[in-house]
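Please look at the sequence and the model shown here, and keep both at hand while reading the report that follows.

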Amino acid sequence: LDQFDHGLIDIYESVRRIAPSMPVTEVLCDVRDMGRLAVWMRRLEPDVVLHSAALKHVHLGERHPIECLITNLVGVRNAMAAAAGAGAGHFVLVSSDKAASPVCVMGATKRLAELHLAGFRMERAGAMRLKAVRFGNVLGTQGSVLPRFAAQIAAGGPLEVTHPGMERYFMSAREAVGLILSVASTSDAEPAVGAYVMEMGDPISIVDIGREMIRRSGKEIEIAFTGLRPGERLKEHLYDDYEKLTQSSLPGVVRVTPHSADAYVTSADVAHLETIARTMDNSIVRQRVFAYLDE
């Protein structure tokens, strides 16, 4: 299910090539549209819902916090409610390491979405198991640094890096998929509290990645440092001071859980923020998002 028709067709055709006998239904739908989403969920009756829909570009979210909030938080509310209404057994939210100590709207809305899993579970205790995973940067995926650097090298440069000290946590697509499927199948207690995080080792320098790609290309490519964009920081975190770490039942995977039992976001909270997003301007929406996090 996707609202991006080109990407949806690519995924559908890829699955058909890999597993031609597998029944597949492509659904052109937007998680922001609660009515249509509920119709499709009831029609297909999925057992497992993996929710990765999000606006992910930090600097874009800073310019459009209203859209970021409606997709990243309201969209999660819609998907969870529709999945529960269709009798789904498992719901896994794909979150981001930017949800730890968030300084950007993208990270803040993802953190609120994580906390809404706990609030939703309290309000609608049922058979559907709710879990979240926090990702670092997934190598080679849409919008990630590798294809962007590759395109800049192919064009003859320059290779653009925001800051020489920029570092990020990375994981492969195989690791990302493995984490989602492993978390979906685990039976850890209190699955709706906090998020699962894979141990990704030390963060990697972005400029070092660029230099290595230039070396492998055999070309003479300049590196241009363009400066941090709004909402960006030099280093990401996997958890923050409001959370604690516990070992999960999965090897190499830890759980981050809030210290406070009152760290949750209710459906009423999401509805209130949605009303603000649909009636106020961007600056007020950004302010209210971070006010909810502070609370």
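## A strand and a surface patch

Val-48 lies in strand β1, where strands (E, at least two residues) and helices (H or I, at least four residues) are DSSP runs numbered from the N terminus. At 40% relative accessibility, Val-48 counts as partly exposed, a class that lies between buried, under 20% relative accessible area, and exposed, over 50%, with a 1.4 Å probe and protein chains only.

This is a predicted model, in which local features need pLDDT of at least 70 and side-chain atom pairs count only at pLDDT 80 or more, while totals for chains, interfaces and linings use all residues. Residues are numbered from 1 along each chain as its sequence is written, and side-chain values use heavy atoms, with hydrogens and water left out.

Together with Leu-50, Val-177 and Leu-181, Val-48 forms a nonpolar patch on the surface, and the four have about 330 Å² of accessible area together. Patches are made of residues with over 30% relative accessible area and no salt bridge, like charges being joined within 9 Å and nonpolar side chains (Val, Leu, Ile, Met, Phe, Trp, Tyr) within 5 Å; a salt bridge is a side-chain nitrogen of Lys or Arg within 4 Å of a carboxyl oxygen of Asp or Glu. Accessible areas come from the Shrake-Rupley method with a 1.4 Å probe, and for residues only the protein chains shown count as cover. The elements that give two or more residues to the nonpolar patch are β1 (48-51) and α7 (173-185).

## The whole chain

The chain has 10 helices and 12 strands. Its radius of gyration is 20 Å, close to the 19 Å that the globule rule gives for 295 residues, so the chain is as compact as a globular protein of that length; the radius is taken over C-alpha atoms, and the rule is 2.2 Å times the number of residues to the power 0.38.

Of the 295 residues, 46% count as buried. The chain exposes about 14900 Å², of which carbon and sulfur atoms supply 53%.

In soluble globular proteins, nonpolar side chains tend to be buried together. Here the largest nonpolar core has 68 residues, and those with the most contacts inside it are Phe-91, Val-133, Phe-135, Met-171 and Leu-179. Helix α4 (residues 65-85) gives the most to this core, with 12 residues. Such a core is a set of buried Ala, Val, Leu, Ile, Met, Phe, Trp, Tyr and Cys residues joined through side-chain atoms within 4.5 Å.

A second, separate core of 12 residues includes Val-145, Met-166, Ile-209 and Ile-214.

## Three further residues

Is Glu-243 buried or exposed? Glu-243, found in strand β11 (residues 243-247), counts as buried at 6% relative accessibility. Beyond four places away in sequence, Glu-243 touches Arg-111, Arg-134, Val-256, Thr-257, Pro-258 and His-259.

Arg-216, in helix α8 (residues 206-217), is exposed, with a relative accessible area of 68%. Ala-263 has its place in the loop between β12 (253-258) and α9 (267-279), and is partly exposed, with a relative accessible area of 24%. The C-alpha atoms of Ala-263 and Val-193 are separated by 9.2 Å, although the two residues are 70 residues apart along the chain.

Definitions and conventions:
Contact means heavy atoms within 4.5 Å.
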